[in-house]
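Subject: Structure for you to look at

Hello,

Here is the structure I said I would pass on. Please open it alongside this message.

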Amino acid sequence: MSENQTAVDGWDTDVAIVGGGPVGMGLAIELGQRGVRCVVVERYAQPQPIPKGQNLTQRTLEHFHFWGAEPQLRAARTIPPEYGIGGLTTYGTLLSTYHYNWLQRELVKPYYYTANERLPQYATEAVMRQRAAEIPAITTHFGWDVQHLSQNAEGVALRIAGRNGEGERHLRARYVVGCDGARSIVRDQSGIEQHRTDHDRMMVLLVFRSQGLHQLLERYPGKSFFNVLHPELKGYWKFFGRVDLGNTWFFHAPVPAGTTRDNFDFTAYVHEAVGESFDISFDHIGFWDLRFMLADRYRVGRVFIAGDAAHSHPPYGGYGVNSGLEDARNLGWKLAATLQGWGGKDLLDSYDAERRPVFDSTIRDFIAKSIEVDRDFLAAYDPTRDTAAFEAAWSDRATGAVGEVNSFEPNYEGSPVVIRLGGGEAFCSAKGSHRFEARAGHHLAPAEMAPGRNVYEALGPGFTLLAIGAEATAVQAFRDAAVSEGIPLTVLEAGSGAEAARYDASLVLVRPDQFVAWAGRPTTLDAAAARDLLATACGGLA
Ligand SMILES: Cc1cc2nc3c(=O)[nH]c(=O)nc-3n(C[C@H](O)[C@H](O)[C@H](O)COP(=O)(O)OP(=O)(O)OC[C@H]3O[C@@H](n4cnc5c(N)ncnc54)[C@H](O)[C@@H]3O)c2cc1C
């Protein structure tokens, strides 16, 4: 247990984070880098060696860029970069002649500063633990369990217990964030209910070694994860992925209710899914229940939940860890702004207002929808019944797979802390489109502000104002308003002919999490207008 903090103002820490999985460690880094003192309490001394959460999106790598750990994360990958990280969907068996490219995330790469990555979650967690250890504001208690929490108007009290007989301790924090996974004690003890949709499916997770499978899959160069559709599974997948190159694999798929490690032939099941026999030696056989759960709120008073504690679902499409890390980015700057006195009274509530509808949409429009679409396709088409009709529909699916990657663009258009021009109803949603224009509530696409200098290398830790041929008086109005309200603001002026012209605005107000709070092309803008825009983006006046 590290003890590098002393009590300040009667509190042991500003933010206690329960759970040091990827989301808890991401939040700690976000807060710690902003100078917010935080304590992470994590049950396990070491990351658990289950190869889940492998597909990290371009957006997630942007988080690692800002967390000062992108090179370390890329160095920790278990498959050489030249081997590729693509996905493949097949029909019937893994070696079937019917297959197409799946989740081609490289198609949306131009809209993000960093490329995507793939590595087992325990390797990601190890990198995050190392990074957190470098930040003085973070204290970690690994090997400790949170057992109880209670809150009042001023703060939250936690009772924690060492797992190796170290006894009990009490911790008091101004805020607590439950990043403690799907069975969250923080969620349950703070009275947050969940909306739960059971699919009544028991799933197996196998981790196995096989060089034979590696040889068989040499026919699919550059592919690391594989989704086998089979009519009998009614839209649920047989899902394979590489854990390292040439040896270790994971596989998850539905199994009959009541399956145990001892009453089922897992070797035959894997061989059937591949369509051929090969050497296989199991390292891990575990089970999980396929269900969707979304918390009915992400905040109660001084307690918040994030990551799988707030939303859990089958790992179809790799939305879990990526969504959880975005929760951490969204909540992190808002907690820091509130604790540092420049966050307005509504800022913390905007975490729920932005992130919960986005995940609701992620379930509805992407994960559950993919199961329904696959089920309908498998019921309607069968190559043994009508080969031509099947092949035409299969080819349409291959084209449609591109659409899924393009339209997954989480955005906060309906947020109370973004300022849209024009009227009309707006919502926060996972569904959108990738564009270069700066749009309020959307992720900022990268662009060069001057030759060789990308905006992502120059954004400030607070708000950033991009000035692209803007009126000098308007830029000064923002500077003055930021100083008078105590809001950290960096101003970046674009050079002439800069790529930033594609933002299609002369002024872009960018939040600390790289979402656009406001964008416009005003002819005049005075100090009062600039102050109103900044105050709204900060959740009202502090
Ligand atoms: C088989 C499988 C494959 C997956 N594949 C993918 C994928 O490819 N892509 C993707 O994005 N997602 C994937 N996921 C989902 C992803 O793993 C989760 O979304 C991710 O782990 C969520 O991170 P988290 O930090 O919120 O929760 P967790 O990873 O569950 O971490 C919670 C942490 O809290 C700790 N904890 C819990 N209770 C307490 C307590 N009382 N006191 C102290 N500590 C506590 C736990 O020990 C744990 O370390 C997969 C999941 C599974 C099961």
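This is a predicted model: local features need pLDDT of at least 70, side-chain atom pairs count only at pLDDT 80 or more; totals for chains, interfaces and linings use all residues.

The ligand site

There are 30 residues around the ligand, and those that come nearest are Glu42, Gln121, Val146, Asp308 and Val321. Sorted by class, this shell consists of 12 nonpolar, 12 polar and 6 charged residues.

- Val146 has a polar backbone atom 2.9 Å from a nitrogen atom of the ligand.
- Gly320 places a backbone N or O atom 3.1 Å from an oxygen atom of the ligand.
- Gln54 also has a backbone N or O atom facing this list, at 3.3 Å from an oxygen atom of the ligand.

On its own the ligand has 1000 Å² of accessible area, and the protein covers 89% of that.

The cavities

How many cavities of 30 Å³ or more does the structure hold? There are 2.

The largest cavity contains about 310 Å³ of space. Its lining is made up of 24 residues, and Thr57, Arg59, Tyr112, Phe408 and Pro410 are the ones nearest the centre. By class, the lining of the largest cavity splits into 9 nonpolar, 9 polar and 6 charged residues.

Which element supplies the largest share of that lining? Helix 2 does, with 4 residues. The elements that each supply at least two residues are helix 2 (58-66), helix 8, helix 9 (349-380), helix 10 (387-407) and strand 19 (408-412).

The residues that line the second largest cavity are Tyr111, Tyr112, Glu409, His434, Arg435, Arg439, His443, Leu444 and Ala445. Of these, 4 are nonpolar, 2 polar and 3 charged. Tyr112 is listed for the largest cavity and again for the second largest cavity.

Regards

Key
Residues are numbered from 1 along each chain as its sequence is written. Side-chain values use heavy atoms; hydrogens and water are left out. A residue is near a molecule or strand if one of its heavy atoms lies within 4 Å of it. A polar contact is a pair of N or O atoms within 3.5 Å; within protein, one must be able to donate a hydrogen and the other to accept it, and residues adjacent in sequence count only if both atoms are side-chain atoms. Accessible areas come from the Shrake-Rupley method with a 1.4 Å probe; for residues, only the protein chains shown count as cover. Ala, Val, Leu, Ile, Met, Phe, Trp, Tyr, Cys and Pro count as nonpolar, Asp, Glu, Lys and Arg as charged, and the others, Gly among them, as polar. On a 1 Å grid over the protein atoms alone, a cavity is a set of points where a 1.4 Å probe fits but cannot get out, and a pocket is an open set with protein on both sides within 12 Å along at least five of seven lines; lining residues have an atom within 4 Å of a point. Grid points are joined across faces, edges and corners, and a volume is the space filled by probe spheres set on the points.
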